[in-house]
Amino acid sequence: MTVHKFSPLSIEDAAARRAATSPYNLSHYLRRPSPVHAASSSLSNWRLKLDQQRQLAAALLIGMALYCGFLAVELLVAGRHLEGAGLLLLMVLPVLVVRRQLRSKLNWPSQLIVASAILLLYSYLLFKGGELQGDVLWALTMAPAFFFLLGHFWGGVCFALALVISIVVFFAPSTVSVLITAPLIEGDFVAKERFLGVFLLLGAYSFLVEYDRSRVIDSLLSSRDKLRVQASTDELTGLANRHHMRECLSQQERRCQQRQERYGLILADIDRFKQINDKFGHDCGDCVIAQVADALRNTLRDEDVVARWGGEEFLVVLPDSDSENARLVAQKLREAVAQLTLEYEGHAIYPTLSFGVVSGDQHQKVQDLICQADHCLYQAKHKGRDCIVYA
Ligand SMILES: Nc1nc2c(ncn2[C@@H]2O[C@H](COP(=O)(O)OP(=O)(O)OP(=O)(O)O)[C@@H](O)[C@H]2O)c(=O)[nH]1
C-alpha cells in the first residue's frame, strides 16, 4: 500500500503544487486522444480538409491574378501604359482579398503554385523589359509580393532566386539571351545597380515586416492555445474542469446519436470531506482532493475523461462502454482510492469515495443521466459511503 505523506501547505507549497499541476504541465492530459476528443478531432480534420481546399482555391486564384499580371506586362510592353498599369493594380485586389481571407499560412502545394507564378511573372517582366526598358521597374513590385504571399521563409527563398535571375540577366545576358526579347538596359551599369539596390531594400523591408508579423501571429496563437487549456483545466487537480466536461458531454451525446453506442457516466464524491477540512484545515483538504484526482486519472483509460465536477466531486465519462464496463471501472476506481493512505502531520488519512454509476444510449439525454447518477450517489451516501450504486 502506498503512503503519501504531506505537511500543511505553505503558500510556496501551494504555489509549487499549482505549478506542478498547472495547465501547461498537464495540458498533455487534455490533449490525450480520447473518443470524446476524437469526435472533436474528426471535426477539426474536416475543417483542415476544408482549409486545404480553400488554400488550393486561393493559390489558383492568386495564380490567375498573376496571369493577369502577364497580360498587363504585354500591354505595358506594347506601350499601352494606362491600361497595363490599371490591369496590374486590378490583379493586386483579388490577391489582397484572398490572402486576408486565409487564416493559416499556405500549404506547400499552394505555396509552390504561388511561388512559381510570382517567379515567372518577375522573370517575364525582366526579360521583356518593355519599351525603353522602363517597364522593368514593375518587377520591383514583386519584392513585397514574395514575402506577403509566401511568408518570411519561403518568400526569402523565392526572393533570393529572383535576385539570382536578375544578376544573370543583368550581368551575363548572353547565358539567357535566347529568352530575352528586349535585352535590358544594355551597358547602363549604374541603372542595373540601382535597380538591384532598390529591389534588395524593398526585399529587406518586406522581410522584416513579414518576420515581425509572423512572430506576432505565432505568439498570439500560442497564447490562445494556453488560454484554451487554462480555460478547460481545473487549477488544483489538473483535471478537466466543469466547463470542459460540459463540452465533452455534448460531444459524447452527439457521437452516441451518430454511432448508436452506449457510454458510461460515473459521479464520485469524497466521503466525509468536511471532517478532513475541519480537522486538518483547508490546505490539507486541497491536497486530499489532488491526490484522489491523481488516483482517478491514473486508473482510467486514455479515452476516458474525468473532471472535477464540484468541490470534492468528480465526473467520469466512459465512451463506448456498456453498464457492465461502467461497473468494472467504478470498482477499479473505488479500489484505487481505498488503497490511498495519506499522511498529514503524523495523522493518517484514508479517503474513500461513494459512486453513482449509469449507462446511457442515444435515446437518453445526458442531463437526465447526470441526474440519475446524482441520485445513485445520494443512495450510496445513505448506504454508508465507500460503495457503488448503479442505476
Ligand atoms: N479544501 C477544500 N474543501 C472544499 C473544496 N470545495 C468544497 N470543499 C468543502 O467540502 C465540504 C463538503 O462537505 P459536504 O458536502 O457536507 O459533504 P461531506 O462532508 O464530504 O460528507 P458526505 O459527502 O456526505 O460524505 C464542504 O465543507 C466544503 O467547504 C475545495 O476546493 N477545497
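I looked up how open the position of Asp 386 is in this predicted model, and I found it partly exposed, because 18 other C-beta atoms lie within 10 Å. I then placed Asp 386 in the loop between helix H12 (366-382) and strand S8 (388-390).

I next went to Glu 345, which likewise is not a glycine and yet has a positive phi of about 50°. Is Glu 345 buried or exposed? I count Glu 345 as exposed, because it has 11 C-beta neighbours inside 10 Å and the cut-off for exposed is 12 or fewer. Glu 345 sits in the loop between S5 and S6, and the hairpin that these strands form has two residues between them.

I followed that hairpin into its strands. S5 (residues 341-344) and S6 (residues 347-349) pair in the antiparallel sense over three bridges, and I noted that Tyr 344 has His 347 in S6 as its bridge partner.

I turned to strand S2 (263-270) and checked both of its faces. Tyr 263, Leu 265, Leu 267 and Asp 269 are buried on one side, and Gly 264, Ile 266, Ala 268 and Ile 270 are buried on the other. Eight of the eight residues of S2 are buried, so I describe the strand as largely enclosed by the rest of the structure.

I then looked for the strands joined to S2. Eight bridges link S2 to the antiparallel strand S7 (residues 353-360), and six bridges link S2 to S4 (residues 313-318), also antiparallel. I used Leu 267 as a reference point, as it stands opposite Gly 356 in S7 and opposite Leu 315 in S4.

My last entry concerns the ligand. Of the 15 residues around it, I found that Asp 271, Phe 273, Lys 274, Gly 285 and Gly 311 come nearest. The elements giving two or more residues to this shell are S2, helix H9 (273-280) and helix H10 (282-299), and H10 supplies the largest share, four residues. By class, I recorded eight charged, four polar and three nonpolar residues in the shell.

Key. Residues are numbered from 1 along each chain as its sequence is written. This is a predicted model: local features need pLDDT of at least 70, side-chain atom pairs count only at pLDDT 80 or more; totals for chains, interfaces and linings use all residues. A residue is near a molecule or strand if its C-beta atom, placed from the backbone, lies within 6 Å of it. Ala, Val, Leu, Ile, Met, Phe, Trp, Tyr, Cys and Pro count as nonpolar, Asp, Glu, Lys and Arg as charged, and the others, Gly among them, as polar. A residue is buried if 20 or more other C-beta atoms lie within 10 Å of its own, exposed if 12 or fewer, and partly exposed in between; C-beta atoms are placed from the backbone. Two strands pair if DSSP finds at least two bridges between them.
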